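Here is a walk through one model, with the sequence and coordinates to follow along. Have both open as you read.

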Amino acid sequence: MAKSTSSSGAPAVIVLGGGLAGITAALAARSAGAAVSMLSLGPVGRSGNTLVAGGISSATNDVENPPELFLHDIMQSGQGVGNSSLARVLAEESFPALQRMEEFGVVFAREGGKLLRRLPPGHSVPRNIPTDWAGVAFAMRGITFVRPLAEHLAVEGVAVHNGFCALRLLCTEGRVTGVLVVERKSGKCFSVRADAVVLATGGYAGLFWRTNNVSDSYGDGVALALGAGCTVRDMEMVQFHPCMMFTPVKLPVLDSLFGAGALLRNSTGEAFMPRYSKTGNMATRDVMARAIFQEVAAGRGVNGGVYVDCGKVPHAALEGQFSLFGQVLAKHGLCLGKDMLVAGPCAHYSLGGVVIDPQGRTTVAGLYAAGEVCGGVHGANRLAGGSLMDACVFGWRAGRAAVEDMAGAATRSDSVFTSFSNCIDATSDALFQVKEWTRQLRTLMWEQVSVVRTGKGLQAALATLHELEGAAKVLWASVAREKFLHKCMVASCVVRSALARQESRGAHYRADFPLLQEEYTGHTRCRFVEGLVSVQFQAEGMGL
């Protein structure tokens, strides 16, 4: 197995995850002189939710689109849950991060030499910049970010190890010093030691049955962090994309279509959004998702969703910025601008996750985090285009901090892989059982813990989770069992946090507590103590 190389005495850094946040962190750590090893479940640069992201990122640029205005929009969208220090970093470093991506070869769309900027719901001004999607599949636009960056990994001397599943973080005297992984192909376990670990493993929206995430988005990184003693926050805050098409093609409706004139209509033909928000069809995702959910519940839905009417979108826009989207629809017999699209909510993005400071440090020494595995950046709702920029900004910061914090300390010159056994695998019957339990868990989370929640439903979900976890614990030790217990741990954090927040705010809506309550301006915090998840509420202004 290849090792990272660096000058003698340089820190050794492990990056877990092969998406945009992980690649950015690896390049940042390498630029600071570390020996860097990337461990990824799938192929680095071709795995994770970055691939299926919209290929758009938000960035500031001038007096009409300054950082302060971007910060205002982020905080307003976050509704008192987000961390203002993290949001400020995202706003202020968005344009420098975009320039850095360009230096690494990411090509952003331009018109007349100027960056294209679009206006999706929730933003005050156009600041969402698409990459050049020419030559890539519409559903894989995110590859335009990771492919150029991934090509630099070998050039910079980053050691890439694909096909590795992380089971737990290794700790010595309260500090993370490595990770226990299993190689999926061989079944061999490895203890991988290093000076610091960066978590960039993505979110947990895959815990819900209806999702637009890639497979394995179950929050493994959150579970790893909890197991190492970290604090996580805002786990109840899961963003549901309001307009996901499932037939005749699985594809999210572009947010920017609403900025260009698209309307939501119910089965009666009513353009209903003005009844739910003064901003109408330019409402934020949480408001739009809930409105659709309620229209369906009231019997005014269409096959579990509503209509998206693009008839008022200018022809020039349909033929221009939305042409690729239209071409995909045309392959499935739909004409954008003429045919009504049917779309509805699905779990899209994890707003909660590991607590970090502005440098990507977690609450446990030696462990850093970036991207969707983290909480606190976006609060109770995320603006469109914010996720990829978040990954770039905090991936870079976490990678650099992982190295700079080791200045003057005795460090390793490479990551040490120690093979110690083959992992005990489950029988075929046990594997089938775990698969069935996973199906039950995901169905449970969608039915009881999704767009609209109640205390009764959350309590029922918690009881079922407890039963599933108990059943899994009697199985022989195996990767399948450990991964399922990770799912149960993360799901428990979501449910318990949702029970603790007895109000409705942003992506979290309690039908039994439908109003926002000022005393809940702040965030929930979870820890894993003596085998149990504990939840506390922390008021605004009381630190990370």
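## A buried serine, and what lies around the rest

Ser-217 is buried, with a relative accessible area of 6%. For this label, buried means under 20% relative accessible area, exposed means over 50%, and partly exposed is in between, using a 1.4 Å probe and protein chains only. Ser-217 sits in the loop between strand 11 and helix 5 (220-227). Helices (H or I, at least four residues) and strands (E, at least two) are DSSP runs, numbered from the N terminus.

What does the side chain of Ser-217 make a polar contact with? Its partner is the side chain of Asn-49, at 3.4 Å. A polar contact here is a pair of N or O atoms within 3.5 Å; within protein, one must be able to donate a hydrogen and the other to accept it, and residues adjacent in sequence count only if both atoms are side-chain atoms. Setting aside neighbours within four places in sequence, Ser-217 is in contact with Asn-49, Gly-203, Tyr-204, Ala-205, Gly-206 and Leu-207, where contact means heavy atoms within 4.5 Å.

Before going on, a word on the model. This is a predicted model, in which local features need pLDDT of at least 70 and side-chain atom pairs count only at pLDDT 80 or more, while totals for chains, interfaces and linings use all residues. Residues are numbered from 1 along each chain as its sequence is written, and side-chain values use heavy atoms, with hydrogens and water left out.

The protein chain averages a pLDDT of 92, and 96% of the residues score at least 70; pLDDT is the predictor's confidence in each residue, from 0 to 100. Over residues 1-8, though, pLDDT stays under 50, and the model has 23 contacts beyond four places in sequence for them. Where pLDDT is low, the predicted coordinates should not be read in detail.

Strand 1 is mostly covered, with 5 of its 5 residues buried. Ala-12, Ile-14 and Leu-16 are on one side and Val-13 and Val-15 on the other, and both faces are covered. Strand 1 runs parallel to strand 2, joined to it by 5 bridges; two strands pair if DSSP finds at least two bridges between them. One spot to look at is Val-15, whose bridge partner in strand 2 is Met-38.

Strand 2 is largely enclosed by the rest of the structure, because 6 of its 6 residues are buried. One side has Ala-35, Ser-37 and Leu-39, the other Val-36, Met-38 and Ser-40.

Helix 1 (residues 20-31) has 12 residues and reaches 16 Å from its first C-alpha to its last, close to the 16 Å expected at 1.5 Å a residue. That expected span is 1.5 Å times one less than the number of residues. Is helix 1 largely enclosed or largely open? It's largely enclosed by the rest of the structure, because 11 of its 12 residues are buried. Among the buried ones are Leu-20, Ile-23, Leu-27 and Arg-30. The buried residues of helix 1 pack against strand 1 (12-16), strand 2 (35-40), helix 4 (143-156), strand 11 (196-199) and helix 10 (386-404). Just after helix 1, Gly-33 takes a positive phi of about 100°.

Pro-248 is in the loop between strand 13 (238-245) and strand 14 (251-252).

## Cysteines

How many disulfides are there? The count comes to 0, taking a disulfide as a pair of cysteine sulfur atoms within 2.5 Å. The sulfur of Cys-493 is 4.2 Å from the closest cysteine sulfur, in Cys-526, too far for a bond. Cys-493 is buried, with a relative accessible area of 0%. For Cys-171, the closest cysteine sulfur is in Cys-230, 8.2 Å away and again too far for a bond. Cys-171 is partly exposed, with a relative accessible area of 39%.
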